[in-house]
Amino acid sequence: MSNLKKLWQLFITFFKIGAFTFGGGYAMIPLIQHEVTENHKWITEEDVLDVVAIAESTPGPIAVNSATFIGFRICGVLGSIAATLGVVIPSFLIMLVIFFVLDRFQDLKPVQYAFMGIRACVLALVIKALISMYKKCEKNWVSYTVIAFSIITSVVVTRFIPINTFYIIIASAVFGLITYSILRRGLKK
């Protein structure tokens, strides 16, 4: 397959993802996972976990970061540009349309109920992505401790103390590295 064809395929794939997924980056994860692992077989299921971890821990929206990373893996810099533009353009166009529509029709009950339905769907998609990622994670006391720490800090602590989630991700990574280092030393003895 020529590079130009791959670039076009990346752009179209991420354009579809951007156009048909409401609710932001987390709602896009299941669709990204399906498209890149099952439909195109560009990366593996395990790679998706790595992509999400990297995309979550770098500045910017998770869907854009994921598209950029996957595009780079497939076609280098041009691939990252094609995938990123593909995922961003639909959102930009949709937001323009929504701005003009909501400005005129936001008080109508059907519009309010439609957005209530969309919010419920987005929540379900985020939960589906969470379950899918949980199934792929290694299950041991370390991962459960990191999960508990992350939930407690991101849900409970940030409610009362303004902590950037970036620091929670860094602290979880540091905890994982320290635990790995301790376990590795214990195995060598």
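What is the volume of the largest pocket? In this predicted model, the largest pocket has a volume of about 1600 Å³. Its lining counts 33 residues, and the closest to the pocket centre are Met133, Cys137, Val146, Ile147 and Ser150.

Read from the N terminus, the order of elements is α-α-α-α-α-α-α. Along its principal axes, the C-alpha trace spans about 65 × 50 × 25 Å.

Five helices each supply at least two lining residues: α2 (25-39), α3 (45-57), α5 (109-136), α6 (141-160) and α7 (165-188). Which helix gives the most to the lining? That is α7, with nine residues. By class, the lining of the largest pocket has 21 nonpolar residues. A further nine are polar, and three are charged.

Take α5 first. The axes of α2 and α5 come within 7 Å and cross at roughly 55°. That angle makes α2 oblique to α5. The crossing is left-handed. On the α2 side, the contact is made by Tyr26, Ala27, Ile29, Pro30 and Gln33. On the α5 side, Val122, Leu125, Val126, Lys128, Ala129, Ser132 and Lys136 take part. Sorted by class, this contact of α2 with α5 has eight nonpolar, two polar and two charged residues.

Next comes α4, which covers residues 62-105. Here the axes of α2 and α4 lie 12 Å apart, and the helices pack at an angle of about 135°. Are α2 and α4 parallel or oblique to each other? At that angle, they are therefore oblique. The crossing of α2 and α4 is right-handed, whereas α2 passes α5 in a left-handed one.

The residues at this second contact can be traced from both sides. From α2 come Gly25, Tyr26, Met28, Ile29, Ile32 and Val36. They meet Ile62, Ala63, Ser66, Ile70, Val87 and Ser91 of α4. The contact of α2 with α4 divides into nine nonpolar and three polar residues, with no charged ones. In the contact of α2 with α5, two residues are charged.

Key
Residues numbered from 1 in each chain as written. Predicted model: local features only at pLDDT ≥ 70, side-chain atom pairs only at ≥ 80, totals over all residues. Heavy atoms only, no water. 1 Å grid on protein atoms, 1.4 Å probe; cavity = no way out; pocket = protein on both sides within 12 Å on 5 of 7 lines; lining within 4 Å. Points joined across faces, edges and corners; volume = space filled by probe spheres on them. Helix = DSSP H or I, 4+ residues; strand = E, 2+ residues; numbered from the N terminus. Nonpolar A, V, L, I, M, F, W, Y, C, P; charged D, E, K, R; others polar. Axes fitted to C-alpha atoms, helices over the stretch in contact; angles between N-to-C directions. Parallel < 35°, antiparallel > 145°, perpendicular 65-115°, else oblique. Left-handed = near helix turned anticlockwise from the far one by under 90°. Contact = heavy atoms within 4.5 Å.
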